[in-house]
Every structure is written in structure tokens, then in C-alpha cells.
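Take a walk through this fold, from overall packing down to single residues. Keep the coordinates open as you read.

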Amino acid sequence: IKARRTFIIWYVVLCPLLLAGLVFLLFAFRSTADIDTNEIKINFWRMLLIGGYNSLSYLFLPLFIVLLNTMLYAREHQGNMWKHLYALPVPRWSIFGAKSLFSLLLLAFSFVCFALFLLATGYLVDVLKPIYKLAKNDNLFTTNLMFAWRIFVSGLGIWAIHNWLSLRFKGVGVSMGIAIASIVITPFILTGAEKIGEWRFLYPYIYAFESAMDYQKDKLFEFWQPETYYSLLYMLVFVGVGYWEYSRNGHK
């Protein structure tokens, strides 16, 4: 009921649409001089999926999650509505669980939207640039859905961290600052991945990008990779921290 009176529902649809639109522009204005017009040598669906999900995992996902959780908790922080929730004759875990589950469902819905928008983007590109021959190739729909699923699971650690931060602090400053810092730091972690080795998986903001890279390593359908189980571990830890603070009236 509260979400219906906010921008949040539109947000989880328009943001994936915007990102799919950027992928469309990338393909619409890309030079086609290197494409053989006589025979299909490349399935450009693969390139479209890689471009879309790489952008989603590195740049888009942390900022999207921050604003999603900030909007979800903003109404409770304004006017100190937490007092009203504390006074309700329901257990604390049910309120915390309902809000967290709703946030997760919104995040999952946005991934489904993005997968469908990417599919539509491919066919729209084919209308404008038939040289890509996207309509004649396999649209890799199963791969598209697995891409979305893997990055969603690999982003659960980030979601749990910022779900707790949005519960803990008023406003978007702290949570957004950490997300922006992660965008700056992540390339350095990935560049030094070979030297850092398995230690890099202690840093949760690379998990989604590692999942995206699994497609190029032919490991996309091998679900249990370090980035997936570390992400689930982070989620369990920070959901536990969030509930512990909420049950103690720990947020300010």
C-alpha cells in the first residue's frame, strides 16, 4: 500500500528499460563495416547479452540497489514512523522480514524486466540494422534468463549490505557513498585479480561482474561458483545484522 504512493514501482521498470535503451543505442550506432554480409559468422545476441549484463553488473547494480532500498525505507525514516511500526501487535521479525522480502521481490522483478527488455532490444535493432541478422539467429533466451539469475544471486550480498545501511541510516548519503566508492575500487580489484587470487572474493562488489565474466569462460550454467556462495554468505550475515539491529531499535 505504501509503495503504491511512491515512485518505487515505476523505478524498478524504468531503470532496466533505460539500461536496455543504452544497449540499443550502442548497437544502433555501432559500425557494421566488420560484418560479413554473405554468411552469418557471429551470433550478435551473444555480444548483446555480454554488453547488457556487463553494464548491469558493474555500474548499474550497486546504484540501483542503493536507491531501491532508500526509497523503500524513506517513508519510515520520515516522521519517525518506526515508532508506529514498533507499536503494532505483530512480532518484529515479521515487519523486518516483510520489508526485506518486498525489496528482494522488487529487485527480482527488475531483473526479469531487463531480460525481457534485452530480448525486445535485439529484435528492434534487427529492424533498424538487419545486417546483424538477429532475427535469423538463436536469441539465446535460456542463456539470457540464466545470466539474469546468476547476476541476481551474485548481487544478493550487495543487496543485504545496503538493505541494512538503508535501515540503519536516514538519507542516502552513507549507502550511496559506499556504492560510488565500490565503482571506483572494483576495476582495481579486477585488474589485480591474478595477484590477489581467491582473496578478491572477500570484496562483495565484484561478484556480479565475476558472474557476467563466467559466460565468456563457458561457466555460466555452472551455478556454484565462488561468487555465488560468497554472495549468499554475505546475505545471511547482513540480514542477520539488520534484524538484530531492528529488534533492538538500533537504527537512528
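Buried residues make up 49% of the 252 residues in this protein. Buried means under 20% relative accessible area, exposed means over 50%, and partly exposed covers the range in between, with a 1.4 Å probe and protein chains only. The model is predicted, so local features need pLDDT of at least 70 and side-chain atom pairs count only at pLDDT 80 or more, while totals for chains, interfaces and linings use all residues. Residues are numbered from 1 along each chain as its sequence is written, and side-chain values use heavy atoms, leaving out hydrogens and water.

Start with the architecture. The protein has 10 helices and 0 strands. Along the sequence the pattern reads α-α-α-α-α-α-α-α-α-α. Its radius of gyration is 20 Å, close to the 18 Å from the globule rule for 252 residues, so the protein is as compact as a globular protein of that length. That radius is taken over C-alpha atoms, and the rule is 2.2 Å times the number of residues to the power 0.38. Helices here are DSSP runs of H or I with at least four residues, strands are runs of E with at least two, and both are numbered from the N terminus. The C-alpha trace spans about 70 × 45 × 30 Å along its principal axes.

Next, the surface and the contacts. The protein exposes about 12,800 Å², and carbon and sulfur atoms supply 70% of that. The areas come from the Shrake-Rupley method with a 1.4 Å probe; for residues, only the protein chains shown count as cover. Of the contacts with a separation of 6 or more, 82% involve residues 24 or more positions apart. A contact means heavy atoms within 4.5 Å.

Now go inside. In soluble globular proteins, nonpolar side chains tend to be buried together. The largest nonpolar core in this model holds 63 residues, and Tyr53, Leu107 and Ile151 touch the most other members. Helices H1 (8–28), H2, H4 (92–128), H5 (141–154), H6, H9 (207–216) and H10 each supply at least two residues of this core. H2 gives the most, with 13 residues. A second, separate core has 5 residues, including Tyr73, Phe96, Leu167 and Tyr246. A nonpolar core is a set of buried Ala, Val, Leu, Ile, Met, Phe, Trp, Tyr and Cys residues joined through side-chain atoms within 4.5 Å.

What does Tyr53 touch, not counting residues up to four places away in sequence? The list is Phe114, Ala115, Leu118, Asn144, Phe147, Ala148, Ile151 and Ala212. Ser57 is found in helix H2 (residues 44–77). Ser57 counts as buried, at 1% relative accessibility. Leaving aside neighbours within four places in sequence, Ser57 contacts Pro62, Ile151, Ala208, Phe209 and Ala212. Ser182 is found in helix H7 (residues 173–191). It is buried, with a relative accessible area of 4%.

Turn to the rings. The whole structure has 22 aromatic pairs. In one of them, the ring centres of Trp164 and Phe238 are 5.8 Å apart and the planes lie at 45°, so the pair is tilted. Trp164 lies in helix H6 (residues 156–168) and Phe238 in helix H10 (residues 226–247), so the pair ties together parts 74 residues apart in sequence. Rings of Phe, Tyr and Trp (its six-membered ring) pair if their centres lie within 6.5 Å; planes under 30 degrees apart count as stacked, over 60 as edge-to-face and the rest as tilted. Both Trp164 and Phe238 are buried.

At 0% relative accessibility, Gly242 counts as buried. Gly242 touches Phe96, Trp164 and Leu167, not counting residues up to four places away in sequence.

Finish with two loops. Most residues other than glycine have a negative phi. Lys133, in the loop between H4 and H5, has a positive phi near 55°. Asp218, in the loop between H9 and H10, has a positive phi of about 60°. Are these residues buried or exposed? Lys133 is buried, with a relative accessible area of 13%, whereas Asp218 is exposed, at 62%.
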